[in-house]
Amino acid sequence: MKDIIDHLKKRFPVYEIGEGPNGVIFMSVEAAKLVPMLTSLKANHGYGILVILSAVDWLEEYKFQLTYIVNNPEEKSDLGIRVFIKREDATMDSVHRLWEHAATFQREIKEMFGINFPGSPRVDEPFLLEGWDNLPPMRRDFDTKQYSEDTYFPRPGRETNDPAEYMKQKLYPDE
Amino acid sequence: MSDKQQNQEDKFLAPENRKHTVIGPEGEEIHVDPLNDYFCQDLPKVEAPYKGVLEKFLNWARSESLWVLAYGTGCGSIELPPLFSPRFDAYRFGVMMRPTPRQSGVLIISGYLAVKTLKRVIRSYEQMQNPKYVIALGSCTINGGMYWDSYNTINRLDHYLPVDVYIAGCMPRPEAILSGFNKLKERIKSGNAEGANEYVENLEWYRTNQKKVIKDWNMPPYNW
């Protein structure tokens with residue numbers, strides 16, 4: 001593993017190398033260098049399987065994080081690669097030429113986060129949300145509760161109690 | 001209907017359902033409007049119940065043979081198969097599963113309903129023949145349950161379909177579902193289970209609610 005990281009450090013602008021959960025090594029790379037890096041990992045280092053492609057919305061820092069986890073089946077090891085992209089007109093290079101099933105991940109991310117992957121097959125077709133006409137629902141500035149209340153006829157009478165307040169009132173009503 | 005409105009509705013239509021021209025065997029042009037030509041455009045009518053002993057007899061007969069559409073939405077579809085196993089044996093109550101909407105009289109909404117599923121449920125419900133009944137399982141169909149603030153899951157089923165019996169729980173055990181079937185039987189025998197007629201009478205209200213959430217409505221006026 002150390003050899004691979006040293007090799008990657010020489011060839012690509014990687015930073016923030018650290019250990020994630022279960023000993024998986026995570027590293028960040030500039031968005032423009034991601035596809036060459038994944039190609040190199042697949043061709044030279046045996047990381048031939050894309051396990052997951054997921055997105056995180058860092059609203060305060062005004063950027064999206066994309067996480068690619070690749071797996072080496074012979075060494076039974078995972079490697080996580082993070083990419084940060086701008087939140088406005090978010091666009092990322094598609095990796096469907098390396099892994100065909102990445103197109104499905106990308107289609108879902110396009111729908112849920114609004115990150116575009118130009119050239120990815122069927123990326124503009126609806127995946128789960130048919131006829132959706134609002135903000136992409138997984139963005140953090142989309143108010144799920146407000147949308148649900150406006151759209152889906154909430155049944156009156158639902159109350160949520162803060163457990164601490166509720167038990168305090170129940171057990172010590174005088175205080 | 002104005003052209004603009006027409007275009008708006010065409011946007012969601014499948015390509016084979018849009019207006020198109022077919023060349024016949026002798027070279028003649030045939031204009032096809034699939035929604036009008038292939039689907040019935042009539043709306044359903046209220047079927048008034050018979051009076052007196054005859055209706056009582058019919059209701060008894062209906063209540064003793066409940067044929068359920070074998071269709072599951074959400075987690076409740078896992079609770080249904082044990083119902084037909086020897087341990088619970090719903091068949092002794094006259095309850096059996098049928099594979100198509102045309103053959104069945106009871107639609108069980110088993111759990112949360114995403115908007116995408118709701119569209120299929122409406123299609124199935126409207127294809128069923130009268131008299132038809134709806135049983136709603138779980139708290140998700142009552143007030144949204146744990147998906148009450150979800151962006152894609154409806155909260156109250158009774159705004160989209162007429163519900164006869166609600167069975168509370170998350171999820172209800174097979175015993176609770178059997179009890180729900182017995183409640184439905186009582187309701188049918190007392191002559192109160194007129195959900196199908198209620199749906200026809202208030203079709204406009206139901207349609208407004210349905211179209212509010214199903215934004216890519218591309219179905220005929222009524223799915224016969």
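Q: Helices (H or I, at least four residues) and strands (E, at least two) are DSSP runs, numbered from the N terminus. In those terms, where does B:Met171 lie?
A: In this predicted model, B:Met171 sits in the loop between β7 (165–167) and α7 (174–189) of chain B.

Q: What is the peptide bond from B:Cys170 to B:Met171, cis or trans?
A: That bond is cis, and its omega is near -15°. The peptide bond from B:Asn130 to B:Pro131 is also cis, with omega near -10°. B:Pro131 belongs to the loop between α5 and β6 (133–137) of chain B. As background, most peptide bonds are trans.

Q: How many helices and strands does chain B have?
A: The secondary structure of chain B comprises nine helices and seven strands. Its C-alpha atoms fill a box of roughly 65 × 45 × 30 Å along the principal axes. Of the 224 residues in chain B, 32% are buried.

Q: And what share of the contacts in chain B comes from residues 24 or more positions apart?
A: Such residues account for 77% of the contacts in chain B that have a separation of 6 or more.

Q: Back to α5, then. Which residues of α5(B) are buried?
A: They are B:Val115, B:Leu118, B:Lys119, B:Val121 and B:Tyr125. These residues lie on the same side of α5(B), because they cover an arc of only 165° around the axis.

Q: What do the buried residues of α5(B) pack against?
A: Their partners are β5 (106–110) and α9 (203–213) of chain B. Helix α5 of chain B itself spans residues 115–127, and its 13 residues reach 19 Å from first C-alpha to last, close to the 18 Å expected at 1.5 Å a residue.

Q: Staying with α9: does B:Thr208 count as buried or exposed?
A: B:Thr208, which lies in helix α9 of chain B, counts as exposed because it has 11 C-beta neighbours inside 10 Å; the limit for exposed is 12 or fewer. B:Thr208 and B:His159 are 49 residues apart in sequence, while their C-alpha atoms are 9.7 Å apart in space.

Q: How many bridges join β3(A) to strand β4?
A: There are nine, and the two strands run antiparallel. Within β4(A), A:Phe64 is the residue opposite A:Asp57.

Q: And how many bridges join β1(A) to β2?
A: Four, also in an antiparallel arrangement, with A:Val14 opposite A:Val29 in β2(A). The hairpin of these strands has five residues between them, and A:Asn22 takes a positive phi near 60° there. β1(A) is hardly covered, as the count of buried residues among its six residues is zero.

Q: What is the phi of A:Glu16?
A: A:Glu16 lies in strand β1 of chain A and has a positive phi of about 50°, although it is not a glycine. A:Glu16 is exposed, with 10 other C-beta atoms within 10 Å. A:Asp89, in the loop between β5 (77–86) and α3 (102–113) of chain A, likewise has a positive phi of about 50° without being a glycine.

Q: Finally, how many residues does the contact take from chain A and chain B?
A: It takes 16 residues from chain A and 16 residues from chain B. By class, the chain A side has seven nonpolar, four polar and five charged residues.

Terms used:
Residues are numbered from 1 along each chain as its sequence is written. Chains are lettered from A and ligands numbered from 1 in the order in which they are written. This is a predicted model: local features need pLDDT of at least 70, side-chain atom pairs count only at pLDDT 80 or more; totals for chains, interfaces and linings use all residues. Two residues are in contact if their C-beta atoms, placed from the backbone, lie within 7 Å. Ala, Val, Leu, Ile, Met, Phe, Trp, Tyr, Cys and Pro count as nonpolar, Asp, Glu, Lys and Arg as charged, and the others, Gly among them, as polar. The expected span of a helix is 1.5 Å times one less than its number of residues. A residue is buried if 20 or more other C-beta atoms lie within 10 Å of its own, exposed if 12 or fewer, and partly exposed in between; C-beta atoms are placed from the backbone. The arc is that of the directions from the helix axis to the C-beta atoms. Two strands pair if DSSP finds at least two bridges between them.
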